[in-house]
Amino acid sequence: MDGYRGFYSRNTLELNPKVVNDIHKRGGTMLGTSRGGHDTAKIVDSIQDRGINQVYIIGGDGTQRGAAAIYEEIRKRGMKVAVVGIPKTIDNDIAVIDRSFGFTTAVEEAQRAISAAHTEAESTENGIGLVKLMGRYSGYIAMYATLASRDVDLCLIPEVPFYLEGEGGINEFVLKRLKENGHMVIVVAEGAGQELLGIEKNTSTRDASGNQLLHDVGLWLSAKLKEHFCATKGEGLNLKYIDPTYMIRAIPSNGSDNVYCTLLAQSGIHGAMAGYTGYTVGPINGRHAYIPIWRVTEKQNQVNIADRMWARLLSSTHQPAFIKPHKDDNEPQQRASD
């Protein structure tokens, strides 16, 4: 129970076909979860004491890194234990594989929030619907929800630095779009623009899982837009801020993810029963494969802004590319941070 901390508390829940019969129809986790609690030696001690010979570790990139550490400790001790990683994270930030379990469900639910923001925005003069979606380091949910919705005018993700003031900035674009349409919808990933809020990379301020603590970019952007609009137009901005983060996390998986989850489970079990260990399962170019855990933890999967998918988003939203004019001439030049 309760993730890695469960190995210390020794609280267990017996799972049998009757207990898990309707598990796919529920959101959340019946086993519970927790932040941190990863002491590799104690976890492997617990596995050894219990006589466990197969360990299935379900979670995102941080969880997979923990699985890799557990596998290495088990290997050093010469224990005959299969360690299998199952990629489950709505952020889709696990490298190598095509997608992680939970991603398509998150995109589908995010569209509901975007639709609500659009309805609110078009109902008022100078209306803006601002939606903050999950995506600490990867903007996949924001990008795909934007493409699926077609109601979004501006999508901001961690992979693309942006700026507010000046030519090609957000303030200029927002004023232009409101003048043209009278309303607009903005989607921002939670990790976008953190450098503008005073958050530096490699900061020592982290949560129990080692993740960098972030400021609320949605609230910050809301305040900045209202301030600029009032100063420029001398009137108020009707901005509605929606943060559906935990609503998205808590819903049951959709049909596509349910099928995908079944395939991941079967692949994981077949590999362990065949004698493999230290791998994560997942599709690569549509073919399910066994991937060394260390390989999927080398780096995080991030949106490639040179890829066609990001180009399609820019074509859909008509948003600025956030390229500032060079100081020495009139030739456009990408910011150094890009």
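Residues are numbered from 1 along each chain as its sequence is written, and side-chain values use heavy atoms, with hydrogens and water left out. Because the model is predicted, local features need pLDDT of at least 70 and side-chain atom pairs count only at pLDDT 80 or more, while totals for chains, interfaces and linings use all residues.

Let me begin with the sheet. Four strands form an open sheet of mixed pairing, in the order β1-β2-β7-β8. Here helices (H or I, at least four residues) and strands (E, at least two) are DSSP runs, numbered from the N terminus, and two strands pair if DSSP finds at least two bridges between them. At the edges are β1 (54-59) and β8, each of which pairs on one side only. From one strand to the next the twist averages 30 degrees; axes are lines fitted to C-alpha atoms, for helices over the stretch in contact, and angles run from 0 to 180 degrees between N-to-C directions.

How do strand β2 and β7 pair, in the parallel or the antiparallel sense? Strand β2 (residues 82-87) pairs with β7 in the parallel sense, over two bridges, and G85 stands opposite T280 in β7. On the other hand, strand β7 (residues 279-284) and strand β8 (residues 287-292) run antiparallel and are joined by six bridges. Y279 has P292 in β8 as its bridge partner. The hairpin of β7 and β8 has two residues between the strands, and N285 there takes a positive phi near 55 degrees.

Two helices lie across this sheet. Helix α3 (residues 61-77) lies across β1, β2 and β7, and runs at about 160 degrees to β1. Helix α9 (residues 255-273) lies across β1, β2, β7 and β8, at about 135 degrees to β7. M273 belongs to helix α9 and is exposed, with a relative accessible area of 61%. As to the cut-offs, buried means under 20% relative accessible area, exposed over 50%, and partly exposed in between, with a 1.4 Å probe and protein chains only.

I turn now to the nonpolar cores. Such a core is a set of buried Ala, Val, Leu, Ile, Met, Phe, Trp, Tyr and Cys residues joined through side-chain atoms within 4.5 Å. The largest nonpolar core has 53 residues, of which I128, L133, L156, I170, I186 and L225 touch the most other members. Two or more residues each come from α4 (103-122), β3, α5, β4, α6, β5, α7 and α11 (308-317). The largest share of this core, seven residues, is given by α4. If neighbours within four places in sequence are left aside, I170 is in contact (heavy atoms within 4.5 Å) with L154, L156, F162, Y163, L164, L225 and F322. There is also a second, separate core of 15 residues, which includes V55, I74, M79 and I293.

The last topic is charge. Side chains of opposite charge can pair when their charged atoms come close. A salt bridge is a side-chain nitrogen of Lys or Arg within 4 Å of a carboxyl oxygen of Asp or Glu, and by this rule the count comes to twelve.

D243 is in the loop between β6 (238-242) and α8 (245-250), 111 residues from K132. K132 is buried, at 10% relative accessible area, whereas D216 is partly exposed at 25% and D243 is partly exposed at 38%.

A further pair is R177 and D153, whose closest N and O atoms are 2.6 Å apart. R177 is in helix α6 (residues 170-181), and D153 is in the loop between α5 (140-149) and β4 (154-156). Both R177 and D153 are buried.

Which residue is buried yet has no salt bridge? E190 is such a residue, and the nearest side chain of opposite charge, R136, is 4.9 Å away; Lys and Arg count as positive and Asp and Glu as negative, with His and the chain ends not counted. E190 is found in the loop between β5 and α7. Its contacts, apart from neighbours within four places in sequence, include K132, R136 and H215.
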